[in-house]
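Reader: I am new to this structure and would like to know what stands behind the terms used for it. Please show it, and then take my questions in turn.

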Amino acid sequence: MSGSTAKHRRPRRRATRVLAVAAGLATVGAMAAALPAGAGQDHTKQAHTAQDHTTRDHPAQAHPRHGQSAAATHRTVDVQLLSFNDFHGNLQPPAGSSGQVTEKQPDGTEKKIDAGGAEYLATSLRTARKGHPYTVTAAAGDLIGASPLLSGLFHDEPTVEAMNKLDLDVTSVGNHEFDEGAKELSRIQNGGCHPKDGCFEKDGHGKGKKFKGADYPYLTANVTDEKTGKPLLKPYWVWKHKGVKIGFIGVTLEGTPDIVSADGVKGLKFHDEIETVNKYAKVLDKQGVKSIVTLIHEGGVPASQAYNYDCDSPAAGGGISGPITDIAKDVTPKVDALVTGHTHNAYVCTIPDPAGKPRMVTSASSFGKLYTDTTLTYDRRTRDIVRTGVKSANHVVSREQAKAPDMTSLIARWDKLAAPVADKPVGYISADIAGRGATTPESPLGDLIADAQLAHAKSLDPEADLALMNPGGIRSDIVYKASGKEGDGVVTYGEAFTVQPFSNTVNLVDLTGAQLVTGLKQQVSGGNQASPKILQVSDGLTYTLDMTKTGADRVVADTVKLNGKAIDPAATYRVAMNSFLAGGGDGFAELGKGTKPLVGSDDLKAFNDYMIANSSAGKPIAPPGADRITVVK
């Protein structure tokens with residue numbers, strides 16, 4: 001419901017918060033609050049901090065008039081904006097390479113740093129807020145969805161509770177906020193027990209403990225109800241403190257329906273990001289809100305994987321490419337900064353706005369491994385941000401600092417509920433099996449999942465020929481080192497769930513050889529040309545991917561073979577894939593044209609069954625070679 005004043009279920013510890021109305025309304029709600037209390041000390045903050053991006057010092061401040069305090073009359077005031085994105089329910093520190101960031105050293109070398117986890121993120125944010133009377137915390141979507149079992153098993157209620165505790169003020173939606181549909185997103189915002197699974201905890205009277213929902217608003221400016229044409233939730237929100245006003249507009253990528261199941265976006269329409277932001281920037285401007293930040297769940301590709309690389313080399317914004325660059329160049333100059341996400345990358349860039357003024361564009365990797373600290377210099381007279389005074393840097397959420405006790409308690413409480421399911425062993429491995437953290441188009445874990453899906457498909461139909469797996473459905477690595485008491489090399493249900501949390505089914509369809517090759521070409525063409533999505537393939541399917549070419553030509557058609565035999569364009573092949581791909585998801589429209597569908601079990605069961613059947617303590621599974629796709633660079 002857009003345009004209403006936010007509901008606050010508990011006292012806030014920071015600045016007065018006001019929710020601005022949606023188009024046509026002007027209801028304002030305010031609530032006074034004290035300065036934040038810090039928790040713990042980030043001993044590594046200075047060591048693990050990206051270079052500040054700024055141009056020159058703040059303008060001189062005016063002297064206070066007689067009888068007025070300096071705080072009330074200074075011409076400018078620095079507002080601290082803390083931000084992060086793509087948390088994906090990672091309450092516990094992410095395992096393996098998924099829980100590391102790359103840091104560039106003074107001598108040019110790089111090192112990996114273990115990072116992330118809600119206990120450390122809370123400490124980092126609370127420490128960063130100390131000494132900042134004007135501070136606001138925002139996020140750019142995908143806080144929930146595709147979450148590890150500790151959060152995903154409970155429909156991400158634990159993550160929302162954690163975000164409430166660490167005092168998140170506002171967030172945009174991302175594509176994964178729609179994984180369970182519009183009604184579930186509304187429940188996440190407004191509270192209430194799950195319609196099917198009910199209440200997960202008991203209150204003091206032994207009754208179901210009602211889920212309170214998010215204390216912070218989810219912004220859906222470019223997501224409207226098909227019937228009413230109105231935003232699903234609030235399109236924007238205004239932060240207020242001692243006369244300072246900053247508006248936040250929240251959007252997700254227009255292409256969300258292409259990467260979410262059809263049920264997840266049913267009844268919704270997704271609009272152009274630039275047009276939507278420009279529309280609501282005008283609305284805020286008319287309300288007297290001249291300082292505006294856009295929270296956008298769309299991102300870019302940095303020139304370096306080091307979080308502290310210089311994005312403004314050789315020129316402003318020269319170290320980034322991808323969708324966000326075009327968006328940033330066209331979003332109205334009324335917007336003063338863009339907090340972005342979706343690509344799980346880290347960058348702090350200055351991309352000039354259409355008027356040629358410098359404008360900060362930031363992203364803080366994913367899984368709570370980084371946060372961005374941006375200083376917005378607010379001019380009380382113009383009520384706008386002094387762009388030349390904006391500074392920003394990414395900071396590592398180090399695991400060498402103190403844990404936030406309230407987060408430790410939260411994790412322990414939910415972990416106890418999840419333990420009977422999460423700790424069950426499902427298989428054994430001899431070494432780490434890289435998935436999300438793989439640095440190659442084909443990953444060892446992707447091969448293993450495809451093989452598991454083919455095995456499940458053959459149990460349904462012995463004529464099954466091959467399996468395809470979308471890379472975005474692989475959310476983590478499987479790590480050899482024990483995460484709990486299970487022992488090294490033991491794969492638990494919880495760890496397998498973290499890899500495949502979407503509850504897709506394994507589907508079988510008939511495709512002609514020509515359709516199969518077209519589907520492979522769609523990995524690197526159309527909507528996937530700028531950011532290729534390389535399907536993971538089962539054993540026996542091989543081909544060459546020539547990255548020196550462009551578009552669909554990157555898939556060398558005459559190299560596509562099954563068990564050493566060239567694919568016959570006129571022949572029919574029985575192909576297994578998850579229900580998301582079978583619906584044409586991720587831009588694979590050709591795969592959605594399959595015939596004679598057969599629906600199997602969910603993909604997690606298929607994977608676990610394969611692990612149980614093909615591994616033991618004495619004979620663990622070794623990482624596949626990831627050598628089915630020959631990549632030419």
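Author: Axes are lines fitted to C-alpha atoms, for helices over the stretch in contact, and angles run from 0 to 180 degrees between N-to-C directions. Helices (H or I, at least four residues) and strands (E, at least two) are DSSP runs, numbered from the N terminus. This is a predicted model, in which local features need pLDDT of at least 70, side-chain atom pairs count only at pLDDT 80 or more, and totals for chains, interfaces and linings use all residues. Residues are numbered from 1 along each chain as its sequence is written, and side-chain values use heavy atoms, with hydrogens and water left out.

Reader: What makes helix 10 roughly perpendicular to helix 14?

Author: Angles under 35 degrees count as roughly parallel, over 145 as roughly antiparallel, 65 to 115 as roughly perpendicular and the rest as oblique. The axes of helix 10 (residues 444-460) and helix 14 cross at roughly 95 degrees and come within 8 Å. Helix 10 is therefore roughly perpendicular to helix 14. Contact means heavy atoms within 4.5 Å, and the residues that make it include Leu 445 and Ile 449 of helix 10 and Phe 607 and Tyr 610 of helix 14.

Reader: Why are strand 25 and strand 30 said to stand at the edges?

Author: Two strands pair if DSSP finds at least two bridges between them. Five strands form an open sheet with mixed pairing, in the order 25-22-29-24-30. Strand 25 (536-537) and strand 30 (595-602) each have a single partner strand, so one side of each is left without a neighbour in the sheet.

Reader: How do you know that strand 22 and strand 29 pair?

Author: Strand 22 (residues 466-469) and strand 29 (residues 572-578) are joined in the parallel sense over two bridges, and pairing asks for at least two. Ala 467 has Ala 576 in strand 29 as its bridge partner.

Reader: Is Asp 142 buried or exposed, and why?

Author: Buried means under 20% relative accessible area, exposed over 50%, partly exposed in between (1.4 Å probe, protein chains only). Asp 142 has 2% relative accessibility, so Asp 142 counts as buried. Asp 142 lies in the loop between strand 5 (135-139) and helix 3 (149-152), and has a positive phi of about 60 degrees although it is not a glycine.
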